[in-house]
Amino acid sequence: MAAPMLRWGCRGRRWAFARVDGGSCHRRGAPTGSTSNRIRGESSVAQQPLHTAQKTRKGEHKWAAVVGLEIHAQISSNSKLFSGSQVRFSAPPNSLVSFFDASLPGTLPVLNRRCVEAAVMTGLALNCHINKKSLFDRKHYFYADLPAGYQITQQRLPIAVNGSLIYGVCAGKKQSQVIPKTVRIKQIQLEQDSGKSLHDNLRSQTLIDLNRAGVGLLEVVLEPDMSCGEEAATAVRELQLILQALGTSQANMAEGQLRVDANISVHHPGEPLGVRTEVKNLNSIRFLAKAIDYEIQRQINELENGGEILNETRSFHHKLGCTMSMRDKEGKQDYRFMPEPNLPPLVLYDATSLPAGADPQQVINIDQIRETLPELPSVTREKLVQQYGMLLEHSFTLLNEVGLLEFFQNVIKETRAEPKKVTSWVLNTFLGYLKQQNLAVSESPVTPSALAELLDLLDSRTISSSAAKQVFEELWKREGKTPGQIVSEKQLELMQDQGALEQLCHSVMEAHPQVVMDVKNRNPRAINKLIGLVRKATQSRADPVMIKELLEKKLSL
Amino acid sequence: MLGRTLREVSAALKQGQITPTELCQKCLSLIKKTKFLNAYITVSEEVALKQAEESEKRYKNGQSLGDLDGIPIAVKDNFSTSGIETTCASNMLKGYIPPYNATVVQKLLDQGALLMGKTNLDEFAMGSGSTDGVFGPVKNPWSYSKQYREKRKQNPHSENEDSDWLITGGSSGGSAAAVSAFTCYAALGSDTGGSTRNPAAHCGLVGFKPSYGLVSRHGLIPLVNSMDVPGILTRCVDDAAIVLGALAGPDPRDSTTVHDPINKPFMLPSLADVSKLCIGIPKEYLVPELSSEVQSLWSKAADLFESEGAKVIEVSLPHTSYSIVCYHVLCTSEVASNMARFDGLQYGHRCDIDVSTEAMYAATRREGFNDVVRGRILSGNFFLLKENYENYFVKAQKVRRLIANDFINAFNSGVDVLLTPTTLSEAVPYLEFIKEDNRTRSAQDDIFTQAVNMAGLPAVSIPVALSNQGLPIGLQFIGRAFCDQQLLTVAKWFEKQVQFPVIQLQELMDDCSAVLENEKLASVSLKQ
């Protein structure tokens, strides 16, 4: 793990919210930078962090890292930002291309209302100031998958500015404390996505797919208020949850609906910021954290060895776990920005500025959008904490796993068991099984109803908690049996016959006089051994609490 | 029949004096006879005949679509036409067949008009002579008119006739030549700095530039998006109004078209009285380069209004002199941007070089664009560089605002329309014209027309009289934004007063005597 060796306050473990009793292993909590990935020439570079880390630990040099993010979120909309073509992932190449998308001469952009509403909604959710007037600009560069030779974006006057994003970072000895952090949002701008270039190295040709060309993007610029991979990753995860809650973006990183570029520099606190590099190609939250931490360490090493940091673009190589210079041939591009002359200024209204008799189809009312904002993740978490008395970090876990909250709520709805019990089962047992087998919630073999029934059996003391675990394991096998069926087939019900149990206790005590002596000689723990023996004799079908009561009575404690 | 106006021939069609197919065939045969004018890049004979056939059916069933049904029209080759090659007179787009119609083209076709073909222009409409296209220069039909020839015979210095033909002006010279030579009744041009009005003036036509935002630009291959407007070339003002009526209106495909309701159709009243009008004469338009003939006609026109009771006042448009340099910066910047899409990947010309994508771009664009286009791309990119943007582009935008404000101030002072020259002089011979480069010519020739595009105002050039050489001279009226109808109404009154003569091309088209039906109109009331 790279992060914990550094000095700037980031605990190494990330995404550790799930450990209610320290039990489950979280997928994203997997250690970063495992040496097995370091192969070939890069290995020496990759291992340097260890060396520096020791230095910093001694306090010889204090380094602070500064991380800012540029996030591109594909807007979830039926059609593209400026054309009527459909937006769909993995459609056949070039099947979703309008004349405008292919930039046929004479075609003009027509702004998609839905995309504007999504931008306003996202801006409001991120506490931004919404600009009542924003402008579109052309950003020029030649690239094969940019058919017009320019991208329409909002460089001068974006639709939303000056917002903030609050996210929680885990801290404390057991990572059980959530510390809220804030990152400022500089701006949100509407812009076009580019197409995709597919390089066929065998025939040394490049194929262009324009399905993505012109899809609406929200570029969210996060100020450099973060200081390590974990913070950046957590912030991005929170943004992802917000976008998903709003429905403004599916924000699926694997499908490229959320793309992150990180700007990273290091400096000595109190001194001016260092030269920054931009790291691209971060296509998962895990790699984002990894890449940032790697890059921070690389820069520190470079500077401590007397080198210098180049203002360059670097790419994260996820197999090698390191960043590499992309070596732009032409150096810094001049994008030759100019106003997009085919789009009038985008004017938005609020309740006070809305012109009387305006056609609702032709105007966008910010206040109206504000009213339709759905519940944001932070509010959902708060409600979970209040309603079910769960710890804040548990609420984080429930939201962080796709579908887990819904699963949890469905179980709650159907069971009589205490919410705390449900929380514990969902976050430990259920999530633990999922993680172990690398399954998503939607792929779970256990339905919310089944778990609810199981918890009911437990709650009514029909089965013991160890029996419950056994039932759960059976359920996981997808044999289509209900918990009730499993319990009766496996005869897992607790012994309800107190006389029989009393008899068993008696026999156990007779068979283990030494232990009985221990208990009587004021070694109270010894009773646990007796309880265990009785339980074993009942094949774990007896309630340990009841056993204890009977034993105590017999031992006249 | 061919010499008639659109309105007249429309009436003839309705009365069954001629069928659309007959009319179409007459025009096609004239197009062939006047091929040497180089007015058309593509003649869409099959399409036109098929459209004529359909139009004929409608007339037979009494289901005519209106004034434009069965009327032959031509379209400048920078408007996208579905299934018909659209070249912009550039190697870059040779062989490019668009899959869609420009909105204006579609609207004309929806009204039953017959598309005769695509007309010649300066490459990507960059020029003022229609001399700089890859298909060669357009010849002004007036070069072959009786009026011009007779004057030349009197001139002992006249050189070899064949090499002494005149330019049409531009960049919509092909459209102007097509209408002027009677091969169609109306043509679409485009107007960015005067490209419709300039050739109209040189070819003795009405050249109308509507208000920016009144007519859709969708499908017009852009020169300068913020100034481009589809233009209309016709033989009289009423015809322009008919075409405008068909074209005007909001287009969901062009976000810069305005939604405000406009009076449709554009029926122009015949003004009986101009006494309530106020005509503004911008003093800055009296430039030293202005030919004495044009200047004299301009002042006679002002006198005419005054004598008929209109108020004629001098106004000042103080920033006009900055218009040319300001236009140069804004035009080239947008050109640099608009031309970026021509990379040889999706459509149009692609070179054979495949060493790298960059090498392919470079060679494709070198082969595809002429020097004029490449020069403007280079300048434009220079102005847009980060270090230059504030000093050039932003300043030019500010000056543009000042120029536009000049007009607003003039109109606010009570002026209804402005009266100015359209061009410095009549058309010049090709050999004379090419002595200067494209940039110099464009700067000179757009001097009276360009500021209007900066301000988005409607303007129309009306042919006024023949020069001493027997060549047409036009004057320009400029109106308030979206007061296109008022502007055309004034222009129509003026047109009636001046009785501009019909071009006499009988020597050229010996067996087309029908052309001369309207010879009786050849009286020139403003003749010097």
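**Close-up views of a two-chain predicted model**

**View 1. Residues at the centre of the second largest pocket.** Of the 47 residues that line the second largest pocket, Leu343(A), Pro344(A), Pro345(A), Ser255(B) and Thr256(B) lie nearest its centre. The structure shown is a predicted model. The volume of this second largest pocket is about 2000 Å³.

**View 2. Elements that line the second largest pocket.** From chain A, helix 2 (113-125), strand 15 and strand 16 (346-347) each supply at least two residues of the lining of the second largest pocket. From chain B, helix 10 (323-338), helix 13 (386-412) and helix 16 (450-455) likewise each supply at least two residues. Helix 13 of chain B gives the most to this lining, namely five residues. Sorted by class, the lining of the second largest pocket comprises 27 nonpolar, eleven polar and nine charged residues.

**View 3. The interface of chain A and chain B.** Here 29 residues of chain A are in contact with 40 residues of chain B. The size of an interface is often given as the accessible area lost when the parts come together. Between them, chain A and chain B bury about 2800 Å², with 57% of this area on carbon and sulfur atoms.

**View 4. Polar contacts and the chain A side of the interface.** Across the interface of chain A and chain B, the rule finds 17 residue pairs in polar contact, both residues being at pLDDT 80 or more, and zero salt bridges. Strand 4 (137-140) and strand 15 (338-339) of chain A are the elements that give two or more residues to the side of chain A that touches chain B. The residues of this side are 20 nonpolar, six polar and three charged.

Notes: Residues numbered from 1 in each chain as written. Chains lettered and ligands numbered in written order. Predicted model: local features only at pLDDT ≥ 70, side-chain atom pairs only at ≥ 80, totals over all residues. Heavy atoms only, no water. Contact = heavy atoms within 4.5 Å. Buried area = accessible area lost by both parts, 1.4 Å probe. Salt bridge = Lys/Arg side-chain N within 4 Å of Asp/Glu carboxyl O. Polar contact = N/O pair within 3.5 Å; in protein donor to acceptor, adjacent residues only side chain to side chain. Helix = DSSP H or I, 4+ residues; strand = E, 2+ residues; numbered from the N terminus. Nonpolar A, V, L, I, M, F, W, Y, C, P; charged D, E, K, R; others polar. 1 Å grid on protein atoms, 1.4 Å probe; cavity = no way out; pocket = protein on both sides within 12 Å on 5 of 7 lines; lining within 4 Å. Points joined across faces, edges and corners; volume = space filled by probe spheres on them.
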